[in-house]
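Here is a short tour of the structure shown below, written for reading alongside the viewer.

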Amino acid sequence: MNTSEAPQATGADGASSREASDNGRVAAWEAAGEIPLLVVSVLFMACFAVPIADEHLTAAMRQMCFIGLMATWAVFLVDYLVRLALAGNRLAWFGRHLSDLLIVFFPFLRPVRAVRELTAVSTLRHRVRRGLDVELMLYAGMASVLLCTAGALVTLAAERGAPGATITSLGLAAYWAATTMTMTMYGELYPITPVGRLAAVGLSIVAVALFGIVIGAFASWYSGWYAHRLRTDQDSPEARRMAADTLSEIRALRHWLNRNAGQDRHGEPSGTDPRPPR
């Protein structure tokens with residue numbers, strides 16, 4: 001190899017190793033903060049929901065909820081900036097993680113990120129992992145509940161007080177969000193404000209994706225369970241005894257066929273029972 005190319009190759013290898021090391025630090029940070037940030041997203045939902053659900057909340061409680069919202073937003077912003085700082089190629093990382101930037105502004109989407117990561121892991125593995133499939137279903141179910149709750153709250157905040165609005169209470173908003181996500185809308189409740197209609201479109205799109213993930217994970221789990229059941233049944237003493245009996249019958253039948261075929265070729269009477277053994 002040309003001596004002038006050696007430093008270039010060494011520099012490229014060094015850059016690749018540094019980027020791999022930086023990506024490892026990002027992965028370690030994400031693994032350490034996944035559960036705590038999920039808890040913070042739930043706290044965000046609580047601080048967001050209480051002022052909307054209770055119209056008669058005191059000013060002090062509303063102020064506390066507002067401070068809680070700002071604090072959780074700050075936590076997610078700091079987490080995003082730390083991961084961006086740890087990334088080897090920050091511009092490439094930013095382009096690949098636009099959804100994480102969206103989570104900074106809408107923290108209740110945090111469970112969807114967990115669903116996305118578990119789906120990627122499940123796709124990369126060639127064998128069925130029943131534990132991973134169950135975990136994926138749990139995350140998808142939790143994401144569906146949180147998104148349904150968030151959609152109901154956002155729509156109620158936008159629709160309450162609007163002239164001609166039909167979604168005017170928390171119960172009606174929850175009912176509307178549930179029927180929207182399950183595609184069983186009856187038409188008696190509908191949003192009339194731009195924010196409410198945008199929430200309806202978002203819920204419908206996300207619901208299709210999440211329910212598809214749940215159905216696929218359940219099918220994968222069931223196929224793995226059924227294959228395991230078959231292997232267990234095949235290894236049972238009764239299955240081995242039946243297999244041994246079947247093999248003995250096949251050997252006896254093959255022996256009978258070979259003997260009678262040889263006697264027929266020589267024109268000699270067999271002198272045995274022409275019926276095959278049972």
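Tyr-175, Trp-176, Thr-179, Met-185, Tyr-186, Gly-187, Glu-188 and Leu-189 line the largest cavity. A cavity here is a set of points, on a 1 Å grid over the protein atoms alone, where a 1.4 Å probe fits but cannot get out, and lining residues have an atom within 4 Å of a point. The volume of the largest cavity is about 50 Å³, and the structure holds one cavity of 30 Å³ or more. A volume is the space filled by probe spheres set on the points, with grid points joined across faces, edges and corners.

The lining has five nonpolar, two polar and one charged residues. In this classing, Ala, Val, Leu, Ile, Met, Phe, Trp, Tyr, Cys and Pro are nonpolar, Asp, Glu, Lys and Arg are charged, and the others, Gly among them, are polar.

## About the model

This is a predicted model, in which local features need pLDDT of at least 70 and side-chain atom pairs count only at pLDDT 80 or more, while totals for chains, interfaces and linings use all residues. Residues are numbered from 1 along each chain as its sequence is written, and side-chain values use heavy atoms, with hydrogens and water left out.

## The nonpolar cores

The largest nonpolar core has 22 residues, and Phe-48, Leu-153, Trp-176 and Ala-177 touch the most other members. Such a core is a set of buried Ala, Val, Leu, Ile, Met, Phe, Trp, Tyr and Cys residues joined through side-chain atoms within 4.5 Å. Buried means under 20% relative accessible area, exposed over 50%, and partly exposed in between (1.4 Å probe, protein chains only).

Two or more residues of this core come from each of α1 (5-53), α2 (59-86), α6 (130-159), α7 (170-181) and α8 (194-234). Helix α1 gives the largest share, six residues. Helices are DSSP runs (H or I, at least four residues), numbered from the N terminus. Beyond its neighbours within four places in sequence, Leu-153 is in contact (heavy atoms within 4.5 Å) with Met-45, Phe-48, Ala-49, Ile-52 and Leu-170. A second, separate core has seven residues, including Tyr-80, Leu-84, Leu-86 and Val-104.

How many disulfides does a search of the whole structure find? The search finds zero, where a disulfide is a pair of cysteine sulfur atoms within 2.5 Å. The sulfur of Cys-47 is 5.3 Å from its closest cysteine sulfur, in Cys-65, so the two are too far apart for a bond. Cys-47 is buried at 17% relative accessibility, and Cys-65 is buried at 8%.

Technical notes
On a 1 Å grid over the protein atoms alone, a cavity is a set of points where a 1.4 Å probe fits but cannot get out, and a pocket is an open set with protein on both sides within 12 Å along at least five of seven lines; lining residues have an atom within 4 Å of a point.
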